[in-house]
Amino acid sequence: MGTSPVAKRSLAPNSIGVAHIVFFVVAAAAPMAAVVGATPPAFAFGNIGVPGAFLLVGLLYLIFSAGFTAMARNVSSAGGFYTYISRGLGRPLGVSGAFLAIATYFTIQIGIYASLGVFTHAALAPLGVDLPWWVWSLLVLLAVSWCGQRHIVFSGRLLGLCMIAELLILSLFAVGVILHGGGPDGLTMAGLKPIDIFSPGIGVTLVFVVSAFIGFEATVIFGEEASNPDKAIPRATIAAVTIITLFYALVSWAVIQYYGASNVASKANASLEAFYFSAIAGTLGEWSIVAMNMLLLTSFFACLLSFHNTLNRYFFALGRDGLLWTGLSRIHDTNASPHIAGRVQAVLVAAILIGFTVINADPYAVVFSWMVAFAGIGILAIQILVSISIIAYFGRTPHDHSALRVFVAPSVAGLALLAAFIQVSRNLPLLTGSESMVVTMFPVFVLVIAAAGVAIALRIRRTNPALYGRLDRTFAAATAEA
C-alpha cells in the first residue's frame, strides 16, 4: 500500500544529482532574461565595467559559498536559509529568515510572471493572438504549477533543456564576436579593467549584477532529495556560481567588443530592448532574432519553474514545522512532490496578479521593476544573516573545517554583502525608475518583515512551547522515519 499524502513527511531522497541541482540554480538565474533584460540598463548608465562587476560579485558568492557549503553537511533541509539561520542564530531569527525568503521569492515570481506576460503579448499580438498580458501570465502559471507537481526529476530535465538552449545561442554570439575580431575597436580588455569597473555608475551596475545571482540558494533547498548531499551540494553550488559568473562576464564583454567601448552607452540608451537583439542578429544572422524571442520566453518559464519549486519547499518545510498550515507538508503519493504547497502558492500568485490588473498597474514599469528590486534587497538581507549564522554555528559546533573556510570567508562575505545591501538600497529609484515613497521604503519593509518573524517566534515560544520546541527539528524526525 502507498503512503498517504498526510502521513508522508519527507521528500524523495536520492532523486537528483549534481547536474539536476545545477540546472535549477542556473535556470533560476535565467541566463537569457538576465543578459537581455538586466545588463542593458547597467550599460545605459555609462558604466562599461559590467563584465568585471560580474566577476567581482561571482568571487564574492564563491567566498560566501565556502562556509555555506561547509554547513550543508549538517543542514541538508528543504528549509534552505530558514534552517541555516535557525541552526546558527536560533529559532526566532530562523523564522525571520523564513519570512524574508518567502517574501523575496514570492515577489520576484510576481515580477517575472508580469514580465513574461508582457513579452508574450508583444511576440504574439502581431500574429493575431492579441490577449492581455495577465491572461498569458495566468496561463503560464497553470503550466508551471502542473510541472511543479511532477516528480523533481521531471523539472530537472526540463530546466536542463531550457538552460542548454539559452547558453548555446548566447555562447555562439560570444564566439562569433571573437572570431570576427570584435567591432570598431577590435578585441580589447574594455569592461574588465579596474578603471572601467570602478568608474562612476558602479553603484547602479552592482544593483543589476547582484540581482542576476538570485536563486543559487536552491542548491541546499534540494538537499533532502539529492544523492549524496554532502558532496552534491558543495559541488553543485560551486559549479552553478562559476557557470553564472563566467557566462555573464563573457557575454557582457562580447557585446562591448561588438559595439566598441565608446558606443555601448549610446546604443543601450537608444533601445534597451534591441541592444542584444541587434548585436546577436549582426553576428549570427536574422534567424537568431526568432530564436532569441522563443528562448527569452522559455528562459522566463524555466526561471519561474525553478522559483516555484524553491518556494514550494519553503512552504513544505514551514508547514512540516508547524509555522504554517500543516497541510502544506503533504507529499504526493506518486511524484513525491509537495503538491499542496504548489497549489496554494499558485492560488496566491494568481490572486496578486489579478489584484495588480484590477488597479491597472503597469506590468513592466511597476510590477516587474518594483518586485525584482524588493527581491534584490531581500535576498541580500537573508544572505547577511546566513553569513553571521555560519560563523556562530561553527563557533560552538565541533568540526574539521579550516578557520579560513568557516570564519574568515563568511566574515568577508558578510561585510561585502552588507555594503551591497546599502549600495542597492541607495540606488532603488534608479533601479525601478520611480521616486515613489513605496520604493524608497523597501529596506524598511525588509526590516519590518524580519522583525515580524522574530516577534511571531517569540510569541510561539511563550504561548506554545511544544510547537516552539519542534521548530527546525521536524526534518531530523522525518529523516529518521524515512
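Helix axes are taken here as lines fitted to C-alpha atoms, for helices over the stretch in contact, and the angles between them run from 0 to 180 degrees between N-to-C directions. The structure is a predicted model, in which local features need pLDDT of at least 70 and side-chain atom pairs count only at pLDDT 80 or more, while totals for chains, interfaces and linings use all residues. Residues are numbered from 1 along each chain as its sequence is written, and side-chain values use heavy atoms, with hydrogens and water left out.

Helix 14 (residues 287-321) packs against helix 15 (residues 339-358) at an angle of about 115°, with the two axes 8 Å apart. Helix 14 is therefore roughly perpendicular to helix 15; this class covers 65 to 115 degrees, whereas angles under 35 degrees count as roughly parallel, those over 145 as roughly antiparallel, and the rest as oblique. The crossing of helix 14 and helix 15 is right-handed. A crossing is given this hand if the near helix is turned clockwise from the far one by less than a right angle, and is left-handed if the turn is anticlockwise. Helices here are DSSP runs (H or I, at least four residues), as are strands (E, at least two), and they are numbered from the N terminus.

Helix 14 also packs against helix 5, at an angle of about 155° and with the axes 10 Å apart. Helix 5 is thus roughly antiparallel to helix 14, and their crossing is left-handed. The contact of helix 5 with helix 14 has 20 nonpolar, five polar and no charged residues. In this classification Ala, Val, Leu, Ile, Met, Phe, Trp, Tyr, Cys and Pro count as nonpolar, Asp, Glu, Lys and Arg as charged, and the others, Gly among them, as polar.

Helix 5 has a further contact, with helix 16. The axes of helix 5 and helix 16 come within 8 Å and cross at roughly 155°, so helix 5 is roughly antiparallel to helix 16. Helix 5 passes helix 16 in a left-handed crossing, and the residues of this contact divide into 21 nonpolar, six polar and no charged.

The largest pocket holds about 1000 Å³ of space. Grid points are joined across faces, edges and corners, and the volume is the space filled by probe spheres set on the points. Of the 40 residues that line the largest pocket, Gly37, Ala38, Pro41, Tyr364 and Phe368 are the closest to its centre. Two or more lining residues come from each of helix 1 (18-29), helix 2 (31-44), helix 5 (91-124), helix 9 (202-211), helix 14 (287-321), helix 16 (363-396) and helix 18 (428-432). By class, the lining consists of 32 nonpolar, seven polar and one charged residues.

Several individual residues were also examined. Phe43, in helix 2, is buried at 0% relative accessibility; buried means under 20% relative accessible area, exposed over 50%, and partly exposed in between (1.4 Å probe, protein chains only). Phe43 and Thr205 are 162 residues apart in sequence, and their C-alpha atoms are 7.8 Å apart in space. Val349 belongs to helix 15 and is buried at 1% relative accessibility. The C-alpha atoms of Val349 and Ile110 are 6.6 Å apart, with the two residues 239 apart in sequence. Tyr259, in helix 11 (residues 229-259), is buried as well, at 9% relative accessibility. Its C-alpha atom is separated by 8.3 Å from that of Asp185, 74 residues apart along the chain.

Leu59, in helix 3 (residues 50-72), is partly exposed, with a relative accessible area of 47%. The C-alpha atoms of Leu59 and Ala413 are separated by 9.6 Å, and the two residues are 354 apart along the chain. Asn360 is found in the loop between helix 15 and helix 16 and is exposed, with a relative accessible area of 68%. The phi angle of Asn360 is near 60°, a positive value in a residue other than glycine.

Notes:
1 Å grid on protein atoms, 1.4 Å probe; cavity = no way out; pocket = protein on both sides within 12 Å on 5 of 7 lines; lining within 4 Å.
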